[in-house]
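Keep the sequence and the 3D view open while reading.

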Amino acid sequence: MTSSDRPFRVVQWATGALGRSVIRGVLDRPDMELAGVWVHTLAKEGSDAGTLAGRPPTGVLATRELDDVLALDADCVVYAPGRPPLDDIDTVCALLASGKNVICTNGLVYPAAHGPHLVAELERACKQGGTSVHGTGFNSGFMADVLPLLLARLVRRITHVYSRECSDLSRHPSWGMVHHMLGIGRDEDAFLRSLRPARTAMRALYSECLHLVAAGLGADLDEIDVDVDHRLAGTDLDIAAGRIPRGTVAAARWTFSGLIGARPAITAEVIYKADAARVPDWGEPGHSVRVDGRPALALTTDDAWVSDDVSAAAAHALNSIPAVCRAAPGVRTHLDLPVFSGRMQI
């Protein structure tokens, strides 16, 4: 909880592209102030947060020490370490127990998808700190779950919900994201060997989306089925993150199906292409949401609908801060929070 007569004091955890966008957003909002920054690398330690975010110095210096963050007087931590929070749930719980609400940008959209043990662990930390935890984002955290639920308000007798994201990575600058996280540019054998851990991580992330939609629609999923396919580059592809050699993986398609009985009830399709102009399979970049029922509704956009998905994810986290900080302690999903929006600045 926080007093309404002072700004929300925000800590940014990690300063990748999304984290830097959050910092800029905090600095631009009169109802927020930057309380601290945590960084991965030794090279960034001690750097001014403004400098890291491409802004004038702020006087807030980055740290790599968890204890430094725990000791801060802050209302909220935007947790964006570039890996799922399930990989370091102890840190999330320590932040919560220290009296800081936590907003995760890559998971915990619906922790109950992972079973009662995780929910109980998070609830204990929230009770100790008097805090809340919330998961948000852009595709996971809005496109694949919140937006379908918004459209479903106009539909009765819903029979199936489908979401699709197709990303063109040709302008994405991060080799780590493109190659190591998504497997683009790997030879086929290496890509296939990497599928077991990748499948586990992707299932963990998108099962939350599907279970959130199901809970919002009053349904229970029996299981989540995961399918992955890939395409190889027919020629060398030079993209912002570097060259994708001919014969290596140039695209991957993940399909997550939430089953009720043996029938898919909720489906999320996620497609990554090194260069969409030269990898024609699986459609054009953009987003689609379809809710089948009476009436059936479909929303389809090209990739220009959102000019910057990183900025959109950062804005979603920032705009949720007041609602999360004012919420009762505990796990708070999009089903629990009041409707919130952005702030107009003219």
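Which helices each supply at least two residues of the lining of the second largest pocket? In this predicted model, they are helix 7 (146-151) and helix 11 (309-326). Helix 11 gives the largest share, four residues. The lining comprises 22 residues, and F142, V146, L150, H316 and H334 lie nearest the centre of the pocket. By class, 14 of the lining residues are nonpolar, seven are polar and one is charged. The volume of this pocket is about 570 Å³.

The loop between helix 6 (139-143) and helix 7 contains D145. This residue is buried but has no salt bridge, and R153, the nearest side chain of opposite charge, is 12 Å away. The side chain of D145 instead reaches the backbone nitrogen of G141, at 3.0 Å.

Elsewhere, charged side chains do pair, and the count comes to 15 salt bridges. One of them joins D28 and R55, with the closest N and O atoms 2.9 Å apart. This pair links distant parts of the chain, 27 residues apart: D28 is in helix 1 (residues 17-28), and R55 is in the loop between helix 2 (49-52) and strand 3 (62-63). D28 counts as partly exposed because its relative accessibility is 40%, and R55 is also partly exposed, at 28%.

R29 and D31 form another salt bridge, 2.9 Å from N to O. Here R29 is buried, at 10% relative accessibility, and D31 is buried at 16%. In the salt bridge between D275 and R278, the N to O distance is 3.1 Å. D275 is buried, with a relative accessible area of 10%, whereas R278 is partly exposed at 43%. Salt bridges with shared partners also join R9, E33 and D73 into one network.

Technical notes. Residues are numbered from 1 along each chain as its sequence is written. This is a predicted model: local features need pLDDT of at least 70, side-chain atom pairs count only at pLDDT 80 or more; totals for chains, interfaces and linings use all residues. Side-chain values use heavy atoms; hydrogens and water are left out. On a 1 Å grid over the protein atoms alone, a cavity is a set of points where a 1.4 Å probe fits but cannot get out, and a pocket is an open set with protein on both sides within 12 Å along at least five of seven lines; lining residues have an atom within 4 Å of a point. Grid points are joined across faces, edges and corners, and a volume is the space filled by probe spheres set on the points. Ala, Val, Leu, Ile, Met, Phe, Trp, Tyr, Cys and Pro count as nonpolar, Asp, Glu, Lys and Arg as charged, and the others, Gly among them, as polar. Buried means under 20% relative accessible area, exposed over 50%, partly exposed in between (1.4 Å probe, protein chains only). Lys and Arg count as positive and Asp and Glu as negative; His and the chain ends are not counted. A salt bridge is a side-chain nitrogen of Lys or Arg within 4 Å of a carboxyl oxygen of Asp or Glu. A polar contact is a pair of N or O atoms within 3.5 Å; within protein, one must be able to donate a hydrogen and the other to accept it, and residues adjacent in sequence count only if both atoms are side-chain atoms.
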